[in-house]
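This report goes through one structure part by part. Keep the sequence and the 3D view at hand while reading.

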Amino acid sequence: MLKILIPTLLLIPTSWLAKAKWLWPTTLLHSFIITLFSLAWLKNTSETNWSTLNPYMATDPLSSPLLTLTCWLLPLMILASQNHLAQDPLVRQRIYITLLVTLQLSLIMAFAATELTMFYVMFETTLIPTLILITRWGNQMERLNAGTYFLFYTLASSLPLLITLLALQNKTGTLSLLIIQLLGPIPISPYVNIIWWTTSLLAFLVKMPLYGVHLWLPKAHVEAPIAGSMILAAVLLKLGGYGMMRMMLILSPLAKELCYPFIILALWGVLMTSSICLRQTDLKSLIAYSSVSHMGLVAAAILIQTPWGLTGALILMIAHGLTSSALFCLANTNYERTHSRTMILTRGSQMILPLMATWWLITCLANLALPPLPNLMGELIIISALLGWSWWTIIFTGAGALITATYSLYMYLMTQRGPVPNHMISMNPSHSREHLLLTLHLLPLLLLVFKPTTIWGSAY
Amino acid sequence: MECPEGVLLLLSFTAIFFSCEHTVPELEAQLAAMRKKAADALPGSSWSPFDINPNLPPERADIVIIGGGVMGWSIAYWLKQKERVREGVKVIVVERDLTYSQASTVLSAGGIRQQFSLPENIHLSLASADFMRNINEHLGVLNEDPVDLQFNQSGYLFLASEEVAHIMEENYSTQRQVGAKVTLLSPTQLKEKFPWINTDGVALASYGLENEGWFDPWSLLNAFRRKAMSMGVIQCCGEVTDFKYTVSMMTSPGGDPVVYKRINSVKVQMPKGLEYQMVECAIVVNAAGAFSGKLAEMLGISSNPKDTIAGTPVPVEPRKRYIYVVHCPDGPGLDTPFLIDYSGMYFRREGLGGNYITGASPKEADEPDTSNLEVDHQFFEDSVWPRLAYRVPAFEKLKVTSAWAGFYDYNTFDQNGIIGDHPVINNMYFATGFSGHGLQQSPAAGRAVAELILDGNFKTLDMRGLGFRRIMAQEPILERNIL
């Protein structure tokens, strides 16, 4: 664990001491090396599932895919931000990279934490760099509003979680994940246990986000700069899912009745947010609502607590992380050229940037869960698990899958096909950096087709 | 020794006791102020800790329309009309003078005619007249007063002398073919219809029967503006002083270097002061009227060699024209058309009290100075009145009650509008250079530009003939009926 954490920590002095010409290549190269080392986490040979164990941190088949995804994303964020930060003064570029690295550190420690307290502290720590990214480097006045929504939604829902964790520590004497999974049902007085159940999950439900408390997500995703959008969509949402999966181990007998309203809300959210996607004019907003839609499926799957549900949730989280981040990168390539996120004004780019159209096609197909990509695997497993839980869910999940396909194709056709507007005829050609960025997003996705057991998690 | 908190408490009570000698209204005012402060602190209020000038335009917009005249607002309206989903595009209109003291729109005589020689012009005016006849269908806003353009459909009357009568006949057949309702009158028919005309020297007259006349330009401008703002267009009062653009050097297939420019943001300066805002935008529309040429110069066009595509300047410059309001109680009656004489003089009825608006185009050599809008009354005495009195004898006895001057956005190349995108500046669209007939073509021209931007091509009327190509290729399409 330290062999990843120390290099990541030392990326901060690297970003401050590197010469201006070498700042971006250096940080890129070093974060790539860290990523390569982090791939070793994916191999799990332990019998108890926990490996790379030390008193504070460990990885297990649930957290290692997420950890690898987090480490994978840092070089991609650095690649994506290079262009739009080029005109900022050097000090600001260094601060930006420092913020990204801090975020990375807190995320690695959050996913690798063995104590729920450390997980909680790191969960809150991720808020600060993200908030700074959104409010300082966002593009419009609305970013202040977006930052406020983001901060206060997460904060307000996670403070009750702190109380719950403290009460849990008091009652059971421990908050270590290794021990908690072996505890039996925890006796709590009859009405308080409902509150206790809700508060322990609320923070993660808001982070996922669940449909009723999802308002912060479209704002934050749209107003954030590209690296902010990438990390938000790919990893920060998964913090919520991961937290839920860990917490629900101790919530067992209650969950059977109490999860009901949240599953309904999640499934209804899948349907509603996919429909909203069809009416969006802003490309980033469309991708943000698509994230809410996919995460609704994940939330429902985690809540039913079956082995297939948890497996499907994890596969979909990883696949969606890569796909959503790739979509934001594609939207950013459009934005950097035309300075507009409105879909009506940026049409017909297949004629002008054909290779970028290929990436658009693959990513949109991944978004609509095309076999044999892991997106489909995840969705299929989740839909089957939900079907086993109740026959009626097929209405929501089936309609959701249909509308997902509709808006993914709509997004592809609106941006790539159609008449080329006059003002787009002579756009800058695609940079190799952008092609590299998208290849690095889509390559893991394609490789996962061949060995999905790496991201199956411990439930299977 | 009393504890310090007690002393403080005692002091505060004393203070409150002594301050109670304030009167009740003052206390109420204080309470209202406190309530207002509390309301500001709650969410939903627009208070913000940053003390930013609220008049600044937003930091980014999709389409920036430079120029808040009738052309600019028409384009804004049509963009919103065609956007298909609510808030599809973010449009802002930048106008530097909201009193419109120098804008061509409001200083115009307000006439509309289809009697052009170019089919594109006829189409534009015909479509615009149709728009204005049904204006409340298009520009009516719920719960607001209906739009009243005071559209007097009294028609235009062009008089031709012997030398130019054949041109008038050719124009007449073009106009009829396109669909304008025009008729030709011989001098006797003319005298029969309008007995106050002196038909000496007139060989042929062309009279518009429908969709021609005059209207109130200020009402049209306000109607467009009100409707567009109700649909979400943001109005900004400021002046565009600079552009930030990226340049890409390419070579054409023939081997010549071509420099493409793409506007990244527009610098909008606040009217009285140093504050400015860089508005990041995807598309810029140049609807600045008489000042379009100067605006395009900010993009550094003139720094390129003169005979290349990139170096061709936008050939629009302001030309000053005078309008005189005269009062003649014995003048022509209420059915007076907008008469245009072959000598360049024109007049029309204004209101019902025997007032008329008149003017004339100066010769090319005597163009007045365009640095101000001062009226030259000698011009009326020398050039306008003699021709007026010759054509309409009743006008020998008249009194000039007022006069004003306005700018034509004069297209020095061929005096016809330029509608379309620039070949070298990628994301700038033009709707300018109409040389005196912009107001009457504004609804249809606005629609054409909106179609170009949102649909990629002209859909209802094909205005490719009015694009920039003709200027690049140096092929003027001259309009033979310009006054």
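In this predicted model, the buried residues of helix H16 of chain A are covered by parts that include helix H12 (252-277), helix H13 (283-304), helix H14 (307-338), helix H15 (354-367), helix H17 (393-416) and helix H18 (432-448) of chain A. The buried residues themselves are A:Pro374, A:Asn375, A:Leu376, A:Gly378, A:Glu379, A:Ile381, A:Ile382, A:Ile383, A:Ala385 and A:Leu386.

Chain B has a helix that can be described in the same terms, helix H8.

| Helix | Residues | Number of residues | First to last C-alpha | Expected at 1.5 Å a residue |
|---|---|---|---|---|
| H16(A) | 374-389 | 16 residues | 22 Å | 22 Å |
| H8(B) | 217-230 | 14 residues | 20 Å | 20 Å |

The span of H16(A) is close to the expected value, and so is that of H8(B). In H8(B), the buried residues are B:Pro217, B:Ser219, B:Leu220, B:Leu221, B:Ala223, B:Phe224, B:Arg225, B:Lys227 and B:Ala228. They pack against helix H3 (70-81), helix H4 (119-133), helix H5 (135-139), strand E8 and helix H11 (438-455) of chain B. After H8(B) comes B:Gly232, with a positive phi near 110 degrees.

One of the helices that H8(B) packs against is H3, and H3 of chain B contains B:Met71. Is B:Met71 buried or exposed? Its relative accessibility is 8%, so B:Met71 counts as buried. Beyond its neighbours within four places in sequence, B:Met71 is in contact with B:Ala287, B:Ala431, B:Phe434, B:Gly438, B:Ser442, B:Ala445 and B:Gly446. B:Met71 and B:Gly467 are 396 residues apart along the chain, while 16 Å separates their C-alpha atoms.

Strand E8, another partner of H8(B), belongs to a sheet of chain B. Six strands form this open sheet, in the order E8-E2-E1-E12-E19-E18, with mixed pairing. Strands E8 (234-237) and E18 (418-421) stand at the edges with a single partner strand each, so one side of each has no neighbour in the sheet. On average, neighbouring strands of this sheet are turned by 20 degrees against each other, direction ignored. E8(B) runs parallel to strand E2 (residues 91-95), and four bridges join the two. Which residue of E8(B) is the bridge partner of B:Glu95? It is B:Cys237.

Elsewhere in chain B, strand E6 (residues 204-208) is mostly covered, with five of its five residues buried. In a regular strand, side chains alternate between the two faces of the sheet. On one side of E6(B) are B:Leu204, B:Ser206 and B:Gly208, on the other B:Ala205 and B:Tyr207, and all are buried. Strand E4 (residues 156-160) pairs with E6(B) in the antiparallel sense over four bridges, and B:Leu159 stands opposite B:Ala205. Strand E5 (residues 182-185) also pairs with E6(B) in the antiparallel sense, over four bridges. There, B:Leu184 has B:Ser206 as its bridge partner.

The last topic is the interface between the chains. Here 23 residues of chain A are in contact with 30 residues of chain B. The area buried between the two chains is about 2300 Å², and carbon and sulfur atoms give 49% of this area. How many salt bridges are counted between chain A and chain B? The count is one. The side chains of A:Arg143 and B:Glu59 meet in a salt bridge, at 3.8 Å from N to O.

Conventions. Residues are numbered from 1 along each chain as its sequence is written. Chains are lettered from A and ligands numbered from 1 in the order in which they are written. This is a predicted model: local features need pLDDT of at least 70, side-chain atom pairs count only at pLDDT 80 or more; totals for chains, interfaces and linings use all residues. Side-chain values use heavy atoms; hydrogens and water are left out. Two strands pair if DSSP finds at least two bridges between them. Axes are lines fitted to C-alpha atoms, for helices over the stretch in contact, and angles run from 0 to 180 degrees between N-to-C directions. Buried means under 20% relative accessible area, exposed over 50%, partly exposed in between (1.4 Å probe, protein chains only). The expected span of a helix is 1.5 Å times one less than its number of residues. Contact means heavy atoms within 4.5 Å. Buried area is the accessible area (1.4 Å probe) that two parts lose on being put together, summed over both. A salt bridge is a side-chain nitrogen of Lys or Arg within 4 Å of a carboxyl oxygen of Asp or Glu.
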